[in-house]
Protein chains: 2
Amino acid sequence: MLKPKPAAPAASAQQRRLQMADIARLAGVSTSTVSRALAGSKLVNDETRQRVLELARSLNYSINIGAQNLRLKQNRTVGVVVPYDPDTRQQLTDPFFLAMLGSLADALTEQGLDMLLTRVDAGQLDAAAQPFDSGRVIGVILIGQWRHHDQLNQLAARRVPIVVWGAQLPQQLYCTVGGDNVAGGALATGHLLQRGRRRIAFLGDINLPEVEHRYQGYCQALRAQGIAPDPQLQVPVSFLPGGGAEGVRELMRRGAAFDAMFASSDLLAMAAINTLRELGRPVPDDVAVVGYDDIELASYFHPPLSTVRQPIAAAGRALVASLLELADGQGAASLQLPTELVLRASA
Amino acid sequence: MLKPKPAAPAASAQQRRLQMADIARLAGVSTSTVSRALAGSKLVNDETRQRVLELARSLNYSINIGAQNLRLKQNRTVGVVVPYDPDTRQQLTDPFFLAMLGSLADALTEQGLDMLLTRVDAGQLDAAAQPFDSGRVIGVILIGQWRHHDQLNQLAARRVPIVVWGAQLPQQLYCTVGGDNVAGGALATGHLLQRGRRRIAFLGDINLPEVEHRYQGYCQALRAQGIAPDPQLQVPVSFLPGGGAEGVRELMRRGAAFDAMFASSDLLAMAAINTLRELGRPVPDDVAVVGYDDIELASYFHPPLSTVRQPIAAAGRALVASLLELADGQGAASLQLPTELVLRASA
DNA sequence: GTGAAAGCGCTAACAT
DNA sequence: ATGTTAGCGCTTTCAC
């Protein structure tokens, strides 16, 4: 039983790794002492500690975290899960999602946490719990609520520590952190109204909770001005590439008159603007357009995009903070972060 | 010694996790049998296996990977490191890098590997080896060679399995996978020449190996047409936001005449195009512009960007394949992937 | 076909 | 101040 074949899977030819016993032997002390020295314990003689530390550093020895975790029953790794659509696989493509990943990486690093990144099939969302069930991570941050409310509730019911970026929904068992989509939608629409636009089209798939909230904000802003939302102007398009162009064409097909547009993502807005230009309807003169997210390229676009900024940096920190609370066995309240209107040339 | 305080760090209130002994007890067998059943061993009775499997599934039990790895001396995790500039922290912002991350996530998932994502200070690149030294990962994929050739060589000399996305350099000890930047530069420049442009500006920081190669390709293409590269037209600008605008202004300041531009990234090209437009030099009529990378938004831009496409999907797979070879103790040859010219409206 | 027991690399109570 | 030893959750040899 003492010989797990030396040629372990994915580990055939490399030389044996250094371990604590080696350092101990070289330093002429026991492994306990090495362990204590490396942990900075007061119990070990200054001179001994120096010697051990020196040795470890010069040999690039680093404690085996797997073994340490096992012994200590601790863990400093957080799972980040990005569901992908089984058909397109295309979710990791949206710049907004990617920016969120960056923000998370920063927030985790700040807390001395590691990030285990996993993509899972959105249809099999329970797979998101696997890294937790197998003890690899203390909990999971999921980016991309999509339409998986029920599956997420099931995970939470199973007591998997999970925080989701997205909208807060009724009867929700899991913890969400998200932008204030209703306020964001109202902000964008309010601005267009203030500029005197009255026929404002809405682009986006309101089956997605976040988009639905943006649409609510849109309706609120209209009603505040005594305008009834016109279903003709509400075009359901997906976030996929092509959605923006498709949305504009659909509006034309309907023969709907419009002088402005609120797109539920910047990508959608950009594609829509391009299509409008092709159709001879210049932005912002003929049609004013506001996007959503404020991805970096929004400012590079022509015309520079007016948009609703999502609080990405704050989002990363908030997601991590909530997850730590959950992993600690506490409850964590869902959170809505403020959004902000960024005015550029497109509206 | 038997009581590592039950309230372990970051693990206070949650209930004890299920483990193999629990399943064994419930199934009325020994842990050996459970282990075998879960591993699908032929040694265990069909009926027993069924019972164990059933039990494990219904309780969402999953083998503790940390313990398993320790015992088996195996590991299925790969480290992915993205260096950041200590000042700006802004490297995870370039859409190209982010797309590469997505591609890597896919390639790793395909191979049943997990991805541990770490950001490290570009000035302390030896920190990139930490996840390897501590046994968390079988090797490291580093995105962002920048100017850290020497530090990377040191890591490789220490026998850290590491694969770097970037350019192949003389006296290189580490393994690189990258696009063929010389060919890419020649492709872009050749196209501009073919369109009759003769005064082609080059935008980019040639201190970066990849950019330097693109510049070499640029020079080659010019010389092939009997044109000597004009230093006046070579503008060193960083990839940071603002670099594109700065580059164009610098050209104007120099009073350099130019009728085309090859920018070493799409972001640079977009910013340059916007600035050119502001200065009354429309693209492509007055100045033809070719970018580099073919990020998704290149096609959304106005005018849609002609650019050199980097083989992102292939890159992810190649990086993973090379890393597996290295981790396996074999050498891995550096690799150059073909690039391709994508013609749109900007040139 | 199944179980007992040793040990993967580490930590910490206990002994000295 | 340091060493001895048991055991974290798992796999596997060896014995039955």
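With which residue does Arg199(A) form a salt bridge, and how far apart are the closest N and O atoms? In this predicted model, the partner is Asp230(A), and the closest N and O atoms are 3.1 Å apart. Arg199(A) is located in the loop that connects helix 8 (181-194) with strand 6 (200-203) of chain A, whereas Asp230(A) belongs to the loop between helix 9 (209-224) and strand 7 (234-235) of chain A, so the pair ties together parts that are 31 residues apart in sequence. Arg199(A) counts as partly exposed because its relative accessibility is 31%.

Over all chains, the structure holds 36 salt bridges. Another of these joins Glu210(A) to Arg214(A), with 3.8 Å between the closest N and O atoms. Both residues are part of helix 9 of chain A, where a spacing of four residues places them about one turn of the helix apart. Glu210(A) and Arg214(A) are both buried.

In chain B, a salt bridge is formed between the side chains of Arg253(B) and Glu246(B), at an N to O distance of 3.7 Å. Arg253(B) has a relative accessibility of 55% and therefore counts as exposed. Glu246(B), by contrast, counts as partly exposed because its value is 35%. In chain A, a network of salt bridges links Glu246(A), Arg249(A), Glu250(A), Arg253(A) and Arg254(A).

The domain organisation of chain A was examined next. Chain A is divided into domain 1 (2-72), domain 2 (77-179 + 312-339) and domain 3 (181-309). The centres of domain 2 and domain 3 of chain A, taken over C-alpha atoms, are separated by 28 Å. To the contact between these two domains, domain 2 of chain A contributes 14 residues and domain 3 of chain A contributes 17 residues.

Between them, domain 2 and domain 3 of chain A bury about 1,400 Å², of which 65% lies on carbon and sulfur atoms. Of the area that domain 2 of chain A buries against domain 3 of chain A, 36% is supplied by Trp146(A), Arg147(A) and Thr339(A), more than by any other three residues. Zero salt bridges are found across this interface of domain 2 and domain 3 of chain A, and one residue pair is found in polar contact, with both residues at pLDDT 80 or more. On the side of domain 2 of chain A that touches domain 3 of chain A, the residues comprise six nonpolar, six polar and two charged.

Note on methods
Residues numbered from 1 in each chain as written. Chains lettered and ligands numbered in written order. Predicted model: local features only at pLDDT ≥ 70, side-chain atom pairs only at ≥ 80, totals over all residues. Heavy atoms only, no water. Salt bridge = Lys/Arg side-chain N within 4 Å of Asp/Glu carboxyl O. Helix = DSSP H or I, 4+ residues; strand = E, 2+ residues; numbered from the N terminus. Buried < 20%, exposed > 50% of the residue type's maximum accessible area, 1.4 Å probe, protein only. Domains from an automatic or database assignment. Contact = heavy atoms within 4.5 Å. Buried area = accessible area lost by both parts, 1.4 Å probe. Polar contact = N/O pair within 3.5 Å; in protein donor to acceptor, adjacent residues only side chain to side chain. Nonpolar A, V, L, I, M, F, W, Y, C, P; charged D, E, K, R; others polar.
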